[in-house]
Amino acid sequence: MIKIRTMTLDDYDKVIDLMRQTPGISLRDADSREATMRYLQRNPGMSFVAEAESGLCGCVMCGHDGRRGYLQHLLVLPQFRRQGIGDALVRRCLASLEEQGVHKCHLDVLKTNESAARHWHNRGWQLRRDIDRYSFTRPGNENA
Ligand SMILES: CC(C)(COP(=O)(O)OP(=O)(O)OC[C@H]1O[C@@H](n2cnc3c(N)ncnc32)[C@H](O)[C@@H]1OP(=O)(O)O)[C@@H](O)C(=O)NCCC(=O)NCCS
């Protein structure tokens with residue numbers, strides 16, 4: 001039986017471990033414990049983990065800036081995939097955004113992650129061909 005529950009900072013080490021095991025998930029300095037604490041505090045009750053008897057088997061992080069939602073780091077361990085856990089995690093995020101009055105959510109997918117691209121396409125998420133994302137990184141923080 002898989003339980004979906006809110007992610008807390010106590011889950012940090014296990015969540016990072018899941019991410020390290022998962023190709024397609026890119027970890028940066030912004031995934032440090034301190035930055036994750038800040039993120040969870042700013043976006044309470046919006047990030048979730050999936051818990052099996054054996055331990056955590058999936059996670060997703062979500063937040064918003066007051067206008068748009070952002071979904072990050074959705075993953076389910078390979079042996080737990082294709083049971084609806086990914087969809088259940090995303091449903092919880094979108095419901096939490098809806099509760100905050102945020103009706104639109106963005107996510108980034110590495111161009112090399114073709115299976116993720118299929119996953120989002122199959123669920124009606126729109127690939128934005130009309131915009132390019134520009135990022136500014138303060139010099140000296142190339143892994144930010
Ligand atoms: C993307 C990812 C999170 C999906 O997790 P998941 O738990 O397998 O997702 P779901 O089970 O909800 O859906 C996956 C498929 O299983 C199917 N499925 C769900 N329950 C099922 C069941 N009981 N029996 C058979 N198939 C089922 C779904 O219909 C879906 O198929 P579709 O994509 O053809 O529509 C997972 O593949 C993953 O961790 N990938 C690597 C990390 C990654 O790339 N993340 C995205 C970064 S943007």
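Predicted model: local features only at pLDDT ≥ 70, side-chain atom pairs only at ≥ 80, totals over all residues.
Let me start with a definition: a residue is buried when its relative accessible area is under 20%, exposed when it is over 50%, and partly exposed in between, using a 1.4 Å probe and the protein chains only.

Residues are numbered from 1 along each chain as its sequence is written, and side-chain values use heavy atoms, with hydrogens and water left out.

Back to Thr36, then. Thr36 sits in helix 2; helices here are DSSP runs of H or I with at least four residues, strands are runs of E with at least two, and both are numbered from the N terminus. Which residues does Thr36 contact, leaving aside neighbours within four places in sequence? They are Met7, Leu9, Tyr12, Ala30, Asp31 and Met61, where contact means heavy atoms within 4.5 Å.

Now for the core. A nonpolar core is a set of buried Ala, Val, Leu, Ile, Met, Phe, Trp, Tyr and Cys residues joined through side-chain atoms within 4.5 Å. The largest one has 35 residues, and Met19 and Leu89 touch the most other members. Several elements give two or more residues to this core, among them helix 1 (12–20), helix 2 (33–42) and helix 3 (85–99). Strand 3 gives the most, with six residues. As for Leu89, its contacts beyond four places in sequence include Ile4, Phe48, Cys59 and Leu75.

Let's look at two backbone angles. Most residues other than glycine have a negative phi. His73, in strand 4, has a phi near 60 degrees, a positive value. Arg82 also has a positive phi, about 60 degrees, and is placed in the loop between strand 4 and helix 3. Buried or exposed: where do these two fall? His73 is buried, with a relative accessible area of 15%, whereas Arg82 counts as exposed at 87%.

Arg82 brings us to the ligand. An oxygen atom of the ligand is 2.9 Å from a polar backbone atom of Arg82, and a ligand oxygen is 3.2 Å from a polar backbone atom of Gln83. A polar side-chain atom of Arg81 lies 3.2 Å from an oxygen atom of the ligand. Taken alone, the ligand exposes 940 Å², and the protein buries 70% of that; these areas come from the Shrake-Rupley method with a 1.4 Å probe.

And what surrounds the ligand? There are 19 residues around it, the closest being Leu74, Val76, Gly84, Gly86 and Asn113, with a residue counted when one of its heavy atoms lies within 4 Å. Helix 4 supplies the largest share of this shell, four residues.

Terms used
Polar contact = N/O pair within 3.5 Å; in protein donor to acceptor, adjacent residues only side chain to side chain.
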